[in-house]
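I opened this model to go through its strands, its loops and its charged pairs. My notes follow in the order I looked things up.

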Amino acid sequence: PTGCLRDRRLFIPFCPEFIFTHVVVKEKDGASTFISADRLTFKLALLPLLEKKVVLRDIELEKPVIAISRDLAGVFNFSDILARKKEKAEAIPFQIRGIRIRKGEIHFMDMAVAGRGIASILKETDLSISHLGWGKQSAFKLATTIYQEGKRGSLTLAGSAKLPAKDKPFSDTVLSAAISTKKLDASPFWPYYSRYVPF
């Protein structure tokens, strides 16, 4: 992998790893939990350090529980993370190239649609995202089981996402993906896709 050292005898890539267990990330209010995980691993690319850049080759979350919500105004609880901040001249460039979630559970509440909102739980979620970067094409794979209004169905996604340039809103992201479902009731999600149905 780019940015790693290799042992010439064993041909094994070496990237420093930083491992944390029983991780908890709180919401902005300091009370509710945004993310908790049994194990969090950061894999650091070495070569970019020579150019005074910090590049995380991978972030891996083992059995995380993630709470994602969108309020009536359409603002996500993680919007501050995506907000573009003016970098100081002396700041060290920072980049994340990949994200991996293993056996995760995602609780999603969207109050911006359907009047009373839509609540869903995604369990046994495996997600991988690679080649992250503003204005670049990223590849992703998702496999999960969705629990919605007492019903259960499976969902898999595989494709690419082109993130917008730094000066563009995150909503300008362009997705191209193949979708496969089994026993999934799509009716609760009608507010999301109704405008694309020609009847």
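Where does Leu132 lie? I found Leu132 in the loop between E9 and E10. Strands here are DSSP runs (E, at least two residues), as helices are (H or I, at least four), numbered from the N terminus.

Before going on, I noted the ground rules. This is a predicted model, in which local features need pLDDT of at least 70 and side-chain atom pairs count only at pLDDT 80 or more, while totals for chains, interfaces and linings use all residues. Residues are numbered from 1 along each chain as its sequence is written, and side-chain values use heavy atoms, with hydrogens and water left out.

**Confidence.** I checked pLDDT, the predictor's confidence in each residue from 0 to 100. The protein averages 85, and 87% of the residues score at least 70. Among the elements, strand E1 (residues 5-7) has the lowest mean, 51. Strand E8 (residues 99-110) has the highest, 95. Where pLDDT is low, the predicted coordinates should not be read in detail.

**Layout.** I counted two helices and twelve strands. From the N terminus on, the order is β-β-β-β-β-β-α-β-β-β-β-β-β-α. Of the 199 residues, 28% count as buried. Buried means under 20% relative accessible area, exposed over 50%, and partly exposed in between (1.4 Å probe, protein chains only).

**Back to Leu132.** Is Leu132 buried or exposed? Leu132 is buried, at a relative accessible area of 17%. I then listed its contacts (heavy atoms within 4.5 Å). Setting aside neighbours within four places in sequence, Leu132 touches Gln95, Ile96, Arg97, Ile99, Ser138 and Leu163. Leu163 sits 31 residues away along the chain, yet the two C-alpha atoms are separated by 8.2 Å.

**Strand E10.** I followed E10 (residues 137-148) side chain by side chain. Ser138, Phe140, Leu142, Thr144, Ile146 and Gln148 point to one face and are buried.

Which strands pair with E10? Strands count as paired if DSSP finds at least two bridges between them. E9 (residues 118-130) runs antiparallel to E10 over eight bridges, with Leu127 opposite Leu142. E11 (residues 151-162) is also antiparallel to E10, joined by twelve bridges, and Thr144 faces Leu155 there. The E9-E10 hairpin has six residues between the strands, and His131 takes a positive phi near 60°. The E10-E11 hairpin has two, and Glu149 takes a positive phi near 50°.

**Salt bridges.** I searched for a side-chain nitrogen of Lys or Arg within 4 Å of a carboxyl oxygen of Asp or Glu. The whole structure gave nine salt bridges. One of them joins Lys43 to Glu60, with the closest N and O atoms 3.2 Å apart. Lys43 lies in strand E4 (residues 33-44) and Glu60 in strand E5 (residues 54-62), so the pair ties together parts 17 residues apart in sequence. Lys43 is buried at 15%, and Glu60 is buried at 13%.

Asp185 is partly exposed at 27%, and Lys151 is partly exposed at 48%.
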